[in-house]
Amino acid sequence: MVKQDEGLKRTVGTLGLSANIVNIIVGAGIFVLPAIIAGKMGTSSIISYIFCGILIALVVLCFAEAGTKVNNTGGPYTYIETAFGNYAGFLSGILAIGSNMIASAAVAIALLNILATIHPFFELAWARIGFLFILYSILAIINILGIKQGMRLVKINTLLKLSPLLILVIIGWKDVSIANLNIESFPSINELGESSLILFFAFLGCETGLIVGGEIKNPKRTIPRSIFISIGLVVLLYIGIQIVSQGVLGNELVNYKASPLAETAKVILGPFGYILITIGAAISMFGVISGDLLNTPRVLFALSRDKVIPVKKLSSIHKKFTTPHIAIIVYSVITYIIAITGSFEQLIIVATSSILLLYLGVALSVIKLRKSQKSEPGEFKIPGGLTVPILSILIILYFLSHLSTNEMVSAVLFIAILSIIYVFIHLFKKKLV
């Protein structure tokens, strides 16, 4: 079962954790989503955002309760491992690490592609390899130097990535045409479900932001408060962005699927607006990569700490900087290799379904932890009994049911391979005893 974190310092407060969650959630997707959703929903697209906001709120309530009951480093892995044991913990931990590695590598490539539009130097293979090496090396060093340094970078990234989006929303209101927002007909259940499935993935990231559980000050209060602040801010921001982009471009919005926000900003602020949003997109991608390197290596640390994987070095904590430095280095190196080889593309489907499986595990863990653990003073508990966890489970199963046959087969095969690896690890550990 989960061990206590020895050597880590609780220095992350409400502002830091909120910024950490927002930084992970607001990635590259929001810069292209408005056109995609408008193409599916037309002027009723705003309904999708409200509907999806409600759905994600139900899911993150489960994270809020589980996070106050089990507040060690590891995030979803720790909740699931505590509730269901080592095997479930091993699966969830590897799924979390693998999906985040792939996502980080994909965003790194997207960042290079944006830089290549600014200067062709970034189209050269050796330049891309060198840039990624410098990027991951610098971020690894910053995060090894201490959680405060890592969180400081996250706060700066969050401020920089939100600024152009907030400027777009605030200044853009003057150019919004009400006629472009008139809802002529309400969407069907199928249309709403299809568009919400796309939007749901734009809200993913809360699970990664909570991995630093063992370094959060007063977690019983800080975790639920930060979750509600961050999710509330993201929902309002997404709705504001959709209203402005659709209100400004109208029916033309669907024609700019590659860069709808940049085109909206060009109308509002001229060429400067286009440049502002392009730079904002690059900063946003950088923020996702830096946030991932702050958080996900701590799952490696937690797996080693709990002896779920027999690599003791990964749970080492730097004597001076009090950070899991070996886990950070190992994670950075592997993610860098994935990014420069581009082999992550064939695994993106697995990564997507893996995140949904993690969410399912967290919702189930809330039910199990309520039965196996007594509530302590100050713990957050979702009102309404088991209604919210059960609704969350049904929502996640609904989304999983919409995966294609190939996606489902890939996910099952991946879990089967992990199960075989776990059996070998278990047998290896028995021989050592």
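In what kind of crossing, left-handed or right-handed, does H6 pass H14? The structure behind this question is a predicted model, in which local features need pLDDT of at least 70 and side-chain atom pairs count only at pLDDT 80 or more, while totals for chains, interfaces and linings use all residues. Residues are numbered from 1 along each chain as its sequence is written, and side-chain values use heavy atoms, with hydrogens and water left out.

The crossing of H6 over H14 turns out to be right-handed; that label applies if the near helix is turned clockwise from the far one by less than a right angle, and left-handed is the label if anticlockwise. Helices here are DSSP runs (H or I, at least four residues), numbered from the N terminus. H6 covers residues 125-144 and H14 covers residues 325-341; their axes come within 10 Å and cross at roughly 165°. Axes are lines fitted to C-alpha atoms, for helices over the stretch in contact, and angles run from 0 to 180 degrees between N-to-C directions. H6 and H14 are therefore roughly antiparallel to each other, going by a scale where under 35 degrees is roughly parallel, over 145 roughly antiparallel, 65 to 115 roughly perpendicular and the rest oblique. On the H6 side, the residues in contact (heavy atoms within 4.5 Å) include Phe133 and Tyr136, and on the H14 side they include His325 and Tyr336. Sorted by class, this contact has 11 nonpolar, four polar and no charged residues. Nonpolar means Ala, Val, Leu, Ile, Met, Phe, Trp, Tyr, Cys and Pro; charged means Asp, Glu, Lys and Arg; the others, Gly among them, are polar.

Helix H7 (residues 147-172) shows up in two further pairs. With H11 (residues 260-269), H7 packs at an angle of about 50°, the axes being 10 Å apart. That makes H7 oblique to H11, and the crossing is left-handed. Among the residues that touch are Leu165 and Ile171 of H7, along with Leu261 and Ile268 of H11. The class count is eight nonpolar, two polar and no charged residues.

H1 (residues 14-25) is the other partner: its axis and that of H7 come within 9 Å and cross at roughly 55°. H1 is therefore oblique to H7, again with a left-handed crossing.

The largest cavity holds about 40 Å³ of space. Its lining includes Pro76, Asn100, Glu207 and Leu358, and H5 gives the largest share, three residues. By class, the lining splits into five nonpolar, three polar and one charged.

Conventions:
Helices (H or I, at least four residues) and strands (E, at least two) are DSSP runs, numbered from the N terminus. On a 1 Å grid over the protein atoms alone, a cavity is a set of points where a 1.4 Å probe fits but cannot get out, and a pocket is an open set with protein on both sides within 12 Å along at least five of seven lines; lining residues have an atom within 4 Å of a point. Grid points are joined across faces, edges and corners, and a volume is the space filled by probe spheres set on the points.
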